[in-house]
Amino acid sequence: MKILGMVIGICGIVLAGIALFRAFANKSLKQFPLFFSYIGYVFFGSILLYAVYWFDSQAYRSTYWLYFLISILVEFTVLVEISDHIFKNLPALRHLGRAITIVISGVLALLYILPVIIWSTRRPPALLGFALRASVTKVIVLAVLFLVARHYRLELGKNVAGLMLGFSIYLGVNVANLAASVTYGFALYNKMLWFMSPIAFTLCLFVWTIALWNLAPAPNGSIVSSVGGRNSKDTALELARFNNELSKFLEK
Amino acid sequence: MITFIYAGLAITFLVLVLCLMRKAQPRDTDEAVEEKAYAPHIGNGRWLDLSERIFDPSDARWLGEELAFPKLEQALMQDRQRLAIRWLEALQASFDELVRTPEIAPSNDPEADSADGWQMLWLTMRFKVLVSYALLVVKVFGPYHRLVPSFAWVPLSQRRRQTIRQAALAGSRGSD
């Protein structure tokens, strides 16, 4: 079991390292700054965890949980990155992805995630409950982003589609895994289920590495709209005109 | 039980993702042509003419009250309701087409771009909410109920007011 854990962990570090190296090589770091900060966090955080494990094994448990909790929060940056890129070419909807991410995450944090932290009496169920509900929140945000992108018939492009696919695999497995852990207890998680999430995350890193191997910007122009393209200011004026005329119509 | 719900959620999500990952299908050509035929042209400033005729209750009242043809009045109202729904859907489609228009030359000022982006998102959401509400009212109560609020009470920022005024001015110039 120990060996399996180490192999999965080392695979994760290697993949994160490759993804970072490729980002430097093909200059995609600037294009996906939040995502690669997250990958950097995973890469250096995992190395630090191994270092703590080898040099001060007593501190490992608390360091691991700290890293785990921060990871749950830092994973939201991947969502923000994805949401920024989906609507990047459409001036009228450029901030829609971020708005969806912020609103859904904020509302669910208040109504769904916070109660489990406040009302849990013991620490392990609170931690697992928090992780589960945060993952469900991310799943909901991602699903809504997918649906809105589909509603506007947007072409995602290889990079963003890969980011979404990888993250979906990881989150889907994570939700099922954590739900089983919350229901059947922390002991079962420690014994049997602990490796499911790391395996899913390694698979996710593999998908991300392939998806971001080369920069492939999302298609725009004639593919998205039959009109072709428009200046951002012209779009703003046209939107204002639509709203103005609609207000007149409604006031009648 | 809760495990099965979450596991079901996870599986549904993964299936949904795989379905949505498929390439977006291009719109049915007939549907697009039909929508375009109904779509209002805001630029020429006369797009309200058709709506005025559709949403004007005077001829239906004249049929019912002055000529005493209640059945004809009902038939006309139902016909007008269908037309009103069609008109609002075409308006929505026309707006969606505008919203789906990509930018040709990205701006060099990210700060101004960001502020304009939020403002445009607000205008987009406002329009979508109002049209959806108007559609709901027309579908439930018919075309002659004045139940759609103007939302004029929502405090708009000075800059946004200015933009709307400029657009209105440009619109009136364009229609002349």
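Me: Is the crossing of α3(A) and α6(A) left-handed or right-handed?

Reply: The crossing of α3(A) and α6(A) is left-handed. Left-handed means that the near helix is turned anticlockwise from the far one by less than a right angle; right-handed is the clockwise case. Helices are DSSP runs of H or I with at least four residues, strands are E runs of at least two, and both are numbered from the N terminus.

Me: What kind of model is this, and how are residues, chains and ligands labelled?

Reply: This is a predicted model, where local features need pLDDT of at least 70, side-chain atom pairs count only at pLDDT 80 or more, and totals for chains, interfaces and linings use all residues. Residues are numbered from 1 along each chain as its sequence is written, while chains are lettered from A and ligands numbered from 1 in the order in which they are written.

Me: Back to α3(A) and α6(A). What is their packing angle?

Reply: About 145°, with the axes 10 Å apart. α3 of chain A covers residues 57–86, and α6 of chain A covers residues 158–184. Axes are lines fitted to C-alpha atoms, for helices over the stretch in contact, and angles run from 0 to 180 degrees between N-to-C directions.

Me: Which residues meet there?

Reply: Val78(A), Ile82(A), His85(A) and Ile86(A) from α3(A) meet Val160(A), Leu163(A), Met164(A) and Phe167(A) from α6(A). A contact needs C-beta atoms, placed from the backbone, within 7 Å. By class, that contact has 7 nonpolar, 1 polar and no charged residues. Nonpolar covers Ala, Val, Leu, Ile, Met, Phe, Trp, Tyr, Cys and Pro; charged covers Asp, Glu, Lys and Arg; the others, Gly among them, are polar.

Me: Zoom out. How many helices and strands does chain A have?

Reply: 9 helices and 0 strands. Its C-alpha atoms fill a box of roughly 70 × 45 × 25 Å along the principal axes. Buried residues are 41% of its 252. Buried means 20 or more other C-beta atoms within 10 Å of the residue's own, exposed means 12 or fewer, and partly exposed is in between, with C-beta atoms placed from the backbone.

Me: And how many in chain B?

Reply: Chain B has 7 helices and 0 strands. Buried residues make up 20% of its 176. Of its contacts with a separation of 6 or more, 70% join residues 24 or more positions apart. In chain A that share is 73%.

Me: How do α1(A) and α2(A) pack?

Reply: At an angle of about 140°, axes 9 Å apart. That makes α1(A) oblique to α2(A). Under 35 degrees counts as roughly parallel, over 145 as roughly antiparallel, 65 to 115 as roughly perpendicular, and the rest as oblique. This crossing is left-handed. The class count for the contact of α1(A) with α2(A) is 10 nonpolar, 5 polar and no charged residues.

Me: Which residues of α1(A) take part?

Reply: Gly9(A), Gly12(A), Ile13(A), Ala16(A), Gly17(A), Ala19(A), Leu20(A) and Ala23(A). Among their partners in α2(A) are Phe36(A), Gly40(A) and Phe43(A).

Me: What sits in the loop between α1 and α2 of chain A?

Reply: Lys27(A) is found there. It has a positive phi of about 60° although it is not a glycine. Most residues other than glycine have a negative phi. Lys27(A) is exposed, with 9 other C-beta atoms within 10 Å.

Me: Now across chains. How do the axes of α5(A) and α1(B) cross?

Reply: They come within 11 Å and cross at roughly 25°. That makes α5(A) roughly parallel to α1(B). Val139(A), Ala143(A), Phe146(A) and Arg150(A) meet Phe13(B), Leu16(B), Val17(B) and Leu20(B). The classes are 7 nonpolar, no polar and 1 charged.

Me: Ala10(B) is in helix α1 of chain B too. Why does it count as buried or exposed?

Reply: Ala10(B) counts as buried because it has 23 C-beta neighbours inside 10 Å. Leaving aside neighbours within four places in sequence, Ala10(B) contacts Gly172(A), Val175(A) and Ala176(A).

Me: Last one. What is the reach of α5 of chain B?

Reply: 43 Å from first C-alpha to last, over 30 residues, close to the 44 Å expected. The expected span is 1.5 Å times one less than the number of residues. Buried residues in α5(B) include Arg80(B), Trp87(B) and Phe95(B).

Terms used
Two residues are in contact if their C-beta atoms, placed from the backbone, lie within 7 Å.
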